[in-house]
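Q: I have a model open and want to go through some of its contacts. Can you take my questions as they come?

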Amino acid sequence: MVGRLWQQTRIKGDERMALSGTFYKNVGSHWRLQLEWTATQNISNNTSTITAKLYWMALDSYGAVRSSATKGGAITINGTSSTFSGAGLASLSGNQKKLLHTYQKTVTHNADGTKSVSLSAYFDAEVTLGGTYYSRISV
């Protein structure tokens, strides 16, 4: 399966489960694409609402990127994607954490309260960083 797998389990009506997480892909030495997610469980409805946020990051002062071109990407939760695009999205200042996109989806659990959810994202940065060209970056 492409992407990350998140397993949430409800045991005998208990709310103990993973409520947040982070996946990332380092890009060269100074950049990172990071997907952060949180979940809010509704036990009475047997659902969870997952909020995923995709960030483009400069890890230090050497991570400045200058790009005014339009870029795009997507976040996928459990097979359903939300796309985004905008001018200057690849541009970064040193030490900056830039929010590219937020996507929220409610998923229904199995009858026993369990649910496996896949999370993934990509960013079509299309930039040269540290002498290497990066087209699509996936996490």
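Q: What does Leu 35 touch, leaving out residues up to four places away in sequence?
A: Leu 35 touches Gly 21, Thr 22, Phe 23, Ala 52, Lys 53, Leu 54, Ile 75, Leu 119, Ser 120, Ala 121 and Val 139. Contact means heavy atoms within 4.5 Å. This is a predicted model, where local features need pLDDT of at least 70, side-chain atom pairs count only at pLDDT 80 or more, and totals for chains, interfaces and linings use all residues. Residues are numbered from 1 along each chain as its sequence is written, and side-chain values use heavy atoms, without hydrogens and water.

Q: Which residues touch the most other members of the largest nonpolar core?
A: Leu 35, Leu 54, Trp 56 and Phe 123, out of 31 residues. A nonpolar core is a set of buried Ala, Val, Leu, Ile, Met, Phe, Trp, Tyr and Cys residues joined through side-chain atoms within 4.5 Å.

Q: Which strand gives the most to this core?
A: E8, with 7 residues. Strands (E, at least two residues) are DSSP runs, numbered from the N terminus.

Q: Next, Gln 34: buried or exposed?
A: Gln 34 is buried, with a relative accessible area of 8%. Buried means under 20% and exposed over 50%, with partly exposed in between (1.4 Å probe, protein chains only). Gln 34 lies in strand E3.

Q: Which residue's side chain is joined to Gln 34 by a polar contact of 2.7 Å?
A: That of Glu 36. A polar contact is a pair of N or O atoms within 3.5 Å; within protein, one must be able to donate a hydrogen and the other to accept it, and residues adjacent in sequence count only if both atoms are side-chain atoms.

Q: What is the bridge partner of Thr 22 in E3?
A: Glu 36.

Key:
Helix = DSSP H or I, 4+ residues; strand = E, 2+ residues; numbered from the N terminus. Pairing = 2+ DSSP bridges.
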